[in-house]
Number of protein chains: 2
Amino acid sequence: MAWNADLKLDPASGTPVYRQIADAIVAACRDGRLSPGMRLPPTRDLARRLHVNRNTVVAAYEALAADGIVTSHTGRGTFVAEPVAAPAPARAETGDAWPSGFSRAVEGSALAGLLSAYRVATSSEGISFAGSYPAAELMPVERFRVALDAVLARSGAEVLSYGSTAGYAPLREWIAGAMRGRGSDVSADGILITNGSQQALELVFRTLLDRGDPVVVEEPTYTGALSVLGSLGARMVGVALDEEGMRPDLLAVALERHRPRAIYVQPTIHNPTTRVMSRRRRLDILALAERHGCAVVEDDWACDLRFEGEELPALHALDGGRRVIYLSTFSKKLLPGLRVGWAAAPRPVLERLVALKQVADHGSSPLLQAALQEFLRDGGLEEHLARVRPAYRERRDIMLAALGARFPGGVSWTRPQGGLFLWVTLPEGVDGNDLFVAARDRNVLFSRGGLFHSDGSGQGSLRLTYASVAPARIEAGVAVLGSLIRERLAGAAAGPGPRAADGLPIL
Amino acid sequence: MAWNADLKLDPASGTPVYRQIADAIVAACRDGRLSPGMRLPPTRDLARRLHVNRNTVVAAYEALAADGIVTSHTGRGTFVAEPVAAPAPARAETGDAWPSGFSRAVEGSALAGLLSAYRVATSSEGISFAGSYPAAELMPVERFRVALDAVLARSGAEVLSYGSTAGYAPLREWIAGAMRGRGSDVSADGILITNGSQQALELVFRTLLDRGDPVVVEEPTYTGALSVLGSLGARMVGVALDEEGMRPDLLAVALERHRPRAIYVQPTIHNPTTRVMSRRRRLDILALAERHGCAVVEDDWACDLRFEGEELPALHALDGGRRVIYLSTFSKKLLPGLRVGWAAAPRPVLERLVALKQVADHGSSPLLQAALQEFLRDGGLEEHLARVRPAYRERRDIMLAALGARFPGGVSWTRPQGGLFLWVTLPEGVDGNDLFVAARDRNVLFSRGGLFHSDGSGQGSLRLTYASVAPARIEAGVAVLGSLIRERLAGAAAGPGPRAADGLPIL
């Protein structure tokens, strides 16, 4: 029986009609008539069946989305969300559970899987294509040590004291200068230094969004952004990409329907799909944002890590920094352990970001910022990039060759123009989660596609990082994955049966 | 005319009665019949006058408190709150205001004054008794540089990569060991490393509280906690202190009336009043928290900075770490520029804190954590404390002597047993804000009492830091303040008149 077959609305009740519809859906989820992943009827259809205005059904779906009970995907419909798994309950070591409650920030969002994904990403066992990490063996450790020593000798007590909340002024100057060199209109006082771009994402979204507010994200998108938005209780509206980037036709519908405060995009080397948004598409997205009075959060994590293709202007440069908040980081192009990223934003936004940064942690370490600035001033970054970019291109090519040699037909992958990883699409019949478990047993790790989707889909894709893996290990790891995929394709063709053994070495 | 003289309630209206009462109060605030600082009638009186149940009035006041329109103070009543000053609007440099809105986190809280207070605190001009900073000239710069170099030589690439979200394992071990040495039952996996204890405060309160949730704070209390609670939209319930610490009679009433999820306390060298909670009072507070199923957030910022008096056990040690979340930091006792603090918490809390830390910034810099651990392992902290504790006691004594010599009768101050500052209470007729402005003109800075109050009161007090000020400057600065207070007392006695000139040097 359909979940809504016996749904009766009472317009005279004290409960608004949209809430009655929402409550009926909640009840159906609870008693199993609706289950995760099921698609709700289109608003138009349900409105007709219930003899109500379509906006009433839209309001019901939006209320459910705000509570995380359903997720909406422009162009695809509204789906019952995965139940949120809370972190494991306390082991009753003391025989005493936690006495008081928790906030929705930690109960109502998908924090549970986050840490296990991060543990996978930072694992140093076996061959790891997980995480998006720079090559550790290419890090300029000694040169950075010299910069640290110089700063400590020159102004040790100063950089070991509290610093400016917005960041170390000479570093802000350097960053603003580098951005101006790429066409952005920005000065040092428009820059906030953060603990990696992850903190920039968090502060920006906390500044813009209240619980339940809609925000447009690319589908798929960066896991770290999804986790921030989840913890804030934002309503994520996913918009699919095509070869040129976020689809403007779907974005227009999403803006019209959801009226979000912000659009989150990674125009250059999109994580995870590695796509580069075309120049025309960049202008389209900005025009749509302008028409709808919407902010754009541009995450340019891969800046400086392009090794091929034409350099395209950032949205921030194209827009004159009016509605675009720009984020980037030194973690990927230099040293993750510094935890230095930044946000560039128009003044009203930046003032609020700085205030929230003060509330969050009183500012980042002046010592690391000053040492980084010393390193940058001496040309350390150019020298480092001149070393890593060719190395990353070489590793990409080694991975592409290995994929061509080892992966069966039906698997496809991207050829990134820069960055640290590529994106693989599996054929029908091969499930990425199952592949992950099997590969992990063989000591090969990767990032599952589901990590990058706001709705838990993405089982048909995976992300493979090449930048931090030595060439011989790239080949060995891809060989393992290739054989596991072949096994699964054979199994799918033959129907369920015993798993084939194979002769590849355990790594 | 009283604001509620013509208030008419309509029980048949679609608007609940409590909301009608709340709306009438909002209207009265808007048209000026109620203004900031005015006390609302006791709930019992208003209920009688309006012929409604007292709980209806309580609900109205609570709704207003959740929106930040009124503040409640146990034992004193409910008051109209100060209007929240939003950050200054954008200068119309581009002729274009920010296109979309902002979250309540940055609009609805007292962020505006925060940065200016922090700028005062970090100012290096003149003589500053503001901020609570350790002495820069006593910092172990060279020894820390040696630790940094050793770590970089031994494991440079590792500590410049991403690290564990919860923190560098050997540092967590060291901290857990130090806490066990003081009687706490804790292991390394019960510790989260944060960017100073400010981030610990933020993550803890985000884990425990939703917007509008009540939390008990000491009145006055630490500015940084007030700013976190303000940005989260928590409802702060202030409980006054007596000589032994937070008053248990008032706390019992607050717990009964507001049912808060947490109590925030600084039992040892309370900031700003420097009080030390007695052992008996510690047990009283824990018993009350236990009775009401309430968490306790213990901020032990001054641990290791006691130079007099009996060492008392932390609440965390007394409670066995069951309902107490413990925070501390290396900023005050060692080096603020490391930005290293921590939280110790029961497992269900810690798991959520680690997840939120991952969302917030992917973990603190492994380099700084590893260097700190190297420094600690080599006994650097003991050596440093052996140097700074006597220096801080000497500076306290110099300040106490200067206050005795320069401040007029009627001013009183505390004699702290440790920490970095003392607390001054001004006599009637001297306003702390006015004194602040006059002192700033004379290049002497201090922290105004109002910074430490959730309701904007505190004009009769100020906090003076001695630890980071050289002895000669302590005397000169106190002399300026003393003369300014004398002027004001003379002016108050004589009535309004021209300001007296004085012969003290401009500093």
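Me: A residue is called buried if 20 or more other C-beta atoms lie within 10 Å of its own. With that in hand, what happens along strand 1 of chain B, residues 70-73?

Reply: First, keep in mind that this is a predicted model. In strand 1, B:V70 and B:S72 point one way while B:T71 and B:H73 point the other way, and all are buried. So each of them meets the mark of 20 or more other C-beta atoms within 10 Å.

Me: What makes strand 1 and strand 2 of chain B a pair?

Reply: Pairing takes at least two bridges. Strand 1 is joined to strand 2 (residues 77-80) by four bridges, so the pair qualifies, and the two strands run antiparallel. One spot to look at is B:S72, whose bridge partner in strand 2 is B:T78.

Me: How do you know that strand 12 and strand 13 of chain B pair up?

Reply: Here there are two bridges, in the antiparallel sense. Since the rule asks for at least two, that is enough to call the strands paired.

Me: Which order do the strands of the open sheet in chain B take, and which ones are at the edges?

Reply: Four strands make up that sheet in the order 12-13-16-15, with antiparallel pairing. Strand 12 and strand 15 (447-448) are the edges: each has a single partner strand, so one side of each is left without a neighbour in the sheet.

Me: And what does chain A have in its open sheet?

Reply: Chain A has an open sheet of four strands in the order 12-13-16-15, antiparallel too. Its edge strands are strand 12 (412-413) and strand 15 (447-448), each pairing on one side only. Strand 12 is tied to strand 13 (residues 421-425) by two bridges, and A:W413 sits opposite A:V424 there.

Me: What does the radius of gyration of chain A say next to the rule for a compact globule?

Reply: For 507 residues the rule gives a radius near 23 Å, and chain A has 24 Å, which agrees. The C-alpha trace of chain A spans about 75 × 60 × 60 Å along its principal axes, and 54% of its residues count as buried.

Me: Which residues have the most contacts inside the largest nonpolar core?

Reply: They are A:V204, A:A343, B:V204 and B:A343, in a core of 180 residues. Beyond its neighbours within four places in sequence, A:A343 touches several residues, including A:L192, A:V204, A:I325 and A:L353.

Key: Residues are numbered from 1 along each chain as its sequence is written. Chains are lettered from A and ligands numbered from 1 in the order in which they are written. This is a predicted model: local features need pLDDT of at least 70, side-chain atom pairs count only at pLDDT 80 or more; totals for chains, interfaces and linings use all residues. A nonpolar core is a set of buried Ala, Val, Leu, Ile, Met, Phe, Trp, Tyr and Cys residues joined through C-beta atoms within 7 Å. A residue is buried if 20 or more other C-beta atoms lie within 10 Å of its own, exposed if 12 or fewer, and partly exposed in between; C-beta atoms are placed from the backbone. Two residues are in contact if their C-beta atoms, placed from the backbone, lie within 7 Å. The radius of gyration is taken over C-alpha atoms; the globule rule is 2.2 Å times the number of residues to the power 0.38.
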